[in-house]
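Hi there,

Here is the structure I promised to pass on. Please have a look at it first, and then read my notes below.

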Amino acid sequence: MIIETKVNRRPYIFYDFEKIEKYLEEEHSNGWALDSYSWKGYKFNNSKPSSFSYKLEYNINPKLKEEIIKINKQSNWEFICDFESWIYFRKENIDTDLNKIKRNLEETKNIYSRLILGERNNIFIALSGIILIFTAMILGNVGCILNYLCYVLIALFITYGVFSIWRIIRLNKLIKEKT
């Protein structure tokens, strides 16, 4: 019996998009073409083993999604799918030495910068949540039981903010490694 599809969980953290691209290229060379991506993981269809380049675009502005797809299609990139802020493309490598498509340094830094902007927004959301909950507690608008819930929510917002700060530091380190 031949397996027609398979689903693999995401093997890398979201900002390691270059590793994800390489993973997708290896899967395709082993006969598994990316069909879609969701919270469940990558869905692959059985295909003929061949050499393809994969490219992920990070887009924080939903209004630009169609334009990004159109621009990439004009450069012969095939739109595969999108999930949250990521758009997936692939392009067949006709001559693997001459036509291997790689993102230039400026494009890579641009994606990291957009990821950092997204993380800064997350920090703003976390701080806003902490301020709102703390203000309600000070003004005494919450009861005793809800007071404990407020402490839990503040702890969650702080954790969320710290995690976003850690990701910004990690992204800045990746930018420095690329230059």
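This is a predicted model: local features need pLDDT of at least 70, side-chain atom pairs count only at pLDDT 80 or more; totals for chains, interfaces and linings use all residues.

Residues are numbered from 1 along each chain as its sequence is written, and side-chain values use heavy atoms, with hydrogens and water left out.

**Overall**

The protein has four helices and six strands. Helices (H or I, at least four residues) and strands (E, at least two) are DSSP runs, numbered from the N terminus. Along the sequence they give the pattern β-α-β-β-β-α-β-β-α-α.

Of the 179 residues, 37% are buried. Here, buried means under 20% relative accessible area, exposed over 50%, and partly exposed in between (1.4 Å probe, protein chains only). The protein exposes about 11,400 Å², and carbon and sulfur atoms supply 59% of that area. Accessible areas come from the Shrake-Rupley method with a 1.4 Å probe; for residues, only the protein chains shown count as cover.

For contacts (heavy atoms within 4.5 Å), I looked at pairs at least 6 apart in sequence: 63% of them join residues at least 24 apart.

**The sheet of β1, β2 and β3**

Three strands form an open sheet in the order β1-β3-β2, with antiparallel pairing. β1 (5–8) and β2 are the edge strands; each has a single partner strand, so one side of each is left without a neighbour in the sheet. From one strand to the next, the twist averages 25°. Two strands pair if DSSP finds at least two bridges between them. As for angles, axes are lines fitted to C-alpha atoms, for helices over the stretch in contact, and angles run from 0 to 180 degrees between N-to-C directions.

β2 (residues 32–38) is joined to β3 by six bridges, and these two strands form a hairpin with two residues between them. Within this pair, tyrosine 37 stands opposite tyrosine 42 in β3. On the β1 side, four bridges link β1 and β3 in the antiparallel sense, and lysine 6 is opposite phenylalanine 44 in β3. Helix α1 (residues 17–29) lies across β1, β2 and β3, at about 25° to β3.

**The sheet of β4, β5 and β6**

Another open sheet of three strands has the order β4-β6-β5, and its pairing is antiparallel. Its edge strands are β4 and β5, each of which pairs on one side only. The twist here averages 20° from one strand to the next. Seven bridges join β4 to β6; in β6, glutamate 92 is the bridge partner of phenylalanine 52. α1 packs on this sheet too, touching β4 and β6, and its direction makes about 150° with that of β4. α2 also packs on the sheet, in touch with β4, β5 and β6, and its direction makes about 10° with that of β6.

Which residues of α2 are buried? They are Ile68, Ile69 and Asn72. These cover an arc of only 100° around the axis, which puts them on the same side of α2; the arc is that of the directions from the helix axis to the C-beta atoms. The buried residues of α2 pack against β4, β5 and β6, whereas Glu66, Lys70 and Gln74 are exposed on the other side of the helix.

**Single residues to look at**

Asparagine 76 follows α2, in the loop between α2 (65–74) and β5 (78–83). Its phi is positive, about 70°, although it is not a glycine. This asparagine 76 counts as exposed because its relative accessibility is 58%.

Glutamate 84 has a positive phi as well, near 50°. It lies in the loop between β5 and β6 (86–92) and, at 69% relative accessibility, counts as exposed.

Is serine 50 buried or exposed? It is buried, with a relative accessible area of 18%, and it lies in the loop between β3 (41–46) and β4 (52–58). Leaving aside residues up to four places away in sequence, serine 50 touches His28 and Ser29. Its side chain makes a polar contact of 3.5 Å with that of histidine 28. A polar contact is a pair of N or O atoms within 3.5 Å; within protein, one must be able to donate a hydrogen and the other to accept it, and residues adjacent in sequence count only if both atoms are side-chain atoms.

Best wishes
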